[in-house]
Amino acid sequence: MHIPDGYLATPVWATLDVAAAPAVGYLARRAQKSLEQSSVPLLGVMGAFVFAAQMINFPVAAGTSSHLVGAALLAYALGPAAAGVVLTAILAVQALVFQDGGILALGANVINMAIAGMLAGYLPYWLMGAGRWRRQAIFLGGFLSLLTSGVLAMGELILSGVPMPGVVIRLSLGVFLVSAVLEGAITLAIMQALTAIHPELLRQPQPDGRRALGWIGVGAIFLAVVGVAMASAYPDGIERLADATGIASRATTLLRTPLADYQLGTLGSAWLRKAGAGLAGISLIYGALLAGGKWLARKRGA
Amino acid sequence: MAGAQEGRVVHHVVLDRWSRGESVLHRRDARAKTIAVLIFLIALATAQRAFLPLSLCYLGILAATIVAAGLPLGAALKRAAVVLPFTAVFAAISLAAGEPMRAAALVGKSYLSALAVLVLVSTTPLPELLRGLERMGVPRYLLMVAQFLYRYLFVISEEAQHMRVALQTKSGTLRRALWDRGKFAAAGGALGVLFARSYAHAEGIHQAMLARGFRGHFLTLSGRSFGRADVFFVAAALVIVAGARAAVEAWI
Amino acid sequence: MEPLIEVRDLRYRYDDGTVALDGVDFQLYPGETVAVLGANGSGKTTFVLHLNGLLLGQGSVTVCGVPVRPATLAQVRQKVGLVFQDSDNQLFMPTVLEDVAFGPLNLGLDAEQARTRALDALGAVGMAHVSAKAPYHLSAGEKKRVAIAGILAMNPEILVLDEPTTFLDPPGQNALVELLDELPQAKILVTHDVDCARALASRAVFFEKGKIAGEGSVPEVVARFSWDRTSLHRQASSRL
């Protein structure tokens, strides 16, 4: 899921680099403020832990095994801002020292894994982690974090015109789903061990009054992720829907201009239309949900 | 998979050794080298036409740089190839989709980018590279976290390795079953212990920092300054990289 | 003679209520080396963490005439140099030189002065040749020496070492004892290594359940509390 250099189209990697930079700066400032002085060595060592943890294998089936990715776990232990910083540091070290992931693509990888994936993993725990559904929340968090990162990465590749026939997309989604289930299970196993031996190391989830918004957020992420995935895997259905609602033509004009001059093969523009339509549709739904959620929250005086 | 992770740990030791070598390139300021590599990466990423001759040209430039830095060429070329298995899949798909040029671009760009980054980290010790990045505007907090991560990578990995062996010893006699809950829980428990140990390290480090007067800010010894040789280096990189591309594209 | 360190009725309780120190009285005089012996969990390490204010308990701890309080921590930490058991936790900077310079920089020296101080301290422990190396390249013995250099670079009056010979092989232990013998500062040695204590310490105190249960010369304390390996030696000689 670490995207190497050479895959993403220039407008894609450049935009994501520009977007990631202030986001990471913000996370760094927040983490610094909310943790004590001792936080730098703690975050560094936790990053080293994630690296090292990837050495321990969890048996899956017939001799294969998987390992922890860790975005959700870090968020549960350190809080989202610090987790974002640690994950960014991990990605940077992976790209530089291990050539795992590109440098120009670092913005994309940071957004996919350290920010979006991490937040998608944190939300369920923030909402449900204190109650009866704690275990389910932890599993869901691990699951969503991996699925979100994977689907975002795939979307960026498609948007860049990397050829992805439907069968490949469906296969990749299948792999993401399996990995996501494993991530959920491994995260849960570690959290249970920690809750038993060292519960003081974990953050207590304390959502304030904005629960409704949080739930909308989870729903929107789910929809967006599933939606983008389906749009990519079954573009024709979406295209028909998009044609029917007239979205496609608007999306194409919007997207064609800046991207036209860049390296999109003949297959690229066809995918672009479909993916763009799918994304546009999902964004509209997401925006509607967000607006609805805000209205609901205001109505309840939360 | 576990073998790959062990390979990673050994690799970073090798890379660390390479980075502390002596050469014209090792002596350059980290910022100059970072800028030069960024120029290369951007020129490579935005290249569209005449890709085959350009990638050969760039490969030659990188190979010459590796030799000039006193690094083992074969080992470096081999190390950059880690990106190839992932790329092979997409290249194959591109070929099947009737886009041979894209397949070539994927292979060439991803490999050459990895090689360029490898040259950067093989001629600059990581802490120095991080300090250079700080002087170029990257938040210090983030870089200090990365610095500590790198420092304790080996320490924690060694502890994880011991746990892995212990786990295998315990679980080895069990039959390999589908979805073995017991082994899964044991692995989770092992990681829980490793997590707690890592936390204990962090506390120990903090105490050691306080004991030597730490009050919240990391102060540093002065680093190297950007000299004339570094300016020349960046200029040369720009000329060579952009020039090669212009020449190749004009010639085709 | 005025004691360098004066501890009166020191008490400390952990967050969960366990009593770690139950009224400790202790003095350290200039030039002496005191060994702190006792079982694991008897309070030895907790005790020394109070000497530079990493822990603050009830009772009084005075260092070179300065009471240990939140306001005086900076001063106290310059005077009392603490060498921890785990050298990896102590050498946290990327290179040896940067690590040894950490203390001087925090004391307010500028980069040039800190660098000189650090190199001098490394020279004093015979480790100047590794100044550019990364800590994980060093052996356990070398790491311990660099850790000591990091403390010496702050010009302390008192050295406190927590189990310094753990992780060292016999030649390493010999070399460390030689080095410590040469250093002029007053020292406190928390140790299980009775031979090390015998070689360096003029006096020993024995901790038991958070209190000092006895003190005297090292052989006296060892004999009184049976704190040696006579049964082991007996077994060894019976094999000969």
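This note goes through the structure chain by chain, with the numbering and the basis of the model given at the start.

1. The structure is a predicted model, in which local features need pLDDT of at least 70 and side-chain atom pairs count only at pLDDT 80 or more, while totals for chains, interfaces and linings use all residues. Residues are numbered from 1 along each chain as its sequence is written, and chains are lettered from A, with ligands numbered from 1, in the order in which they are written.

2. Chain A holds 11 helices and two strands, where helices (H or I, at least four residues) and strands (E, at least two) are DSSP runs numbered from the N terminus. Read from the N terminus on, its elements follow the order α-α-β-β-α-α-α-α-α-α-α-α-α. Of its 302 residues, 57% count as buried, a residue being buried if 20 or more other C-beta atoms lie within 10 Å of its own, exposed if 12 or fewer, and partly exposed in between, with C-beta atoms placed from the backbone.

3. Two residues are taken to be in contact if their C-beta atoms, placed from the backbone, lie within 7 Å. Among contacts in chain A between residues at least 6 apart in sequence, 80% join residues at least 24 apart.

4. Between chains A and B, 64 residues of chain A are in contact with 73 residues of chain B. On the chain A side, the elements that give two or more residues are helix H1 (10–34), helix H2 (39–53), strand S1 (58–59), helix H4 (80–98) and helix H7 (166–197), and the largest share, 13 residues, comes from H2(A). By class, this side of chain A has 43 nonpolar, 20 polar and one charged residues; here Ala, Val, Leu, Ile, Met, Phe, Trp, Tyr, Cys and Pro count as nonpolar, Asp, Glu, Lys and Arg as charged, and the others, Gly among them, as polar.

5. Chain B is divided into domain 1 (21–136 + 223–251) and domain 2 (140–169 + 181–211), with bounds that come from an automatic or database domain assignment. The C-alpha centres of these two domains of chain B lie 34 Å apart, and five residues of domain 1 are in contact with five residues of domain 2. On the domain 1 side of that contact, four residues are nonpolar, none is polar and one is charged.

6. In chain C, six strands form an open sheet with mixed pairing, in the order S6-S7-S8-S3-S9-S10, where two strands pair if DSSP finds at least two bridges between them. S6(C) and strand S10 (211–216) of chain C stand at the edges with a single partner strand each, so one side of each is left without a neighbour in the sheet.

7. Four bridges join S6(C) to strand S7 (residues 158–162) of chain C, and the two run parallel; C:Val80 stands opposite C:Ile158, and C:Gly81 stands opposite C:Leu159.

8. Chain C also has an open sheet of four strands, in the order S2-S1-S4-S5, with antiparallel pairing. Its edge strands are S2 (19–28) and S5 (66–67) of chain C, each of which pairs on one side only. Strand S4 (residues 58–63) of chain C and S5(C) pair in the antiparallel sense over two bridges, and C:Val63 stands opposite C:Val66 in S5(C).
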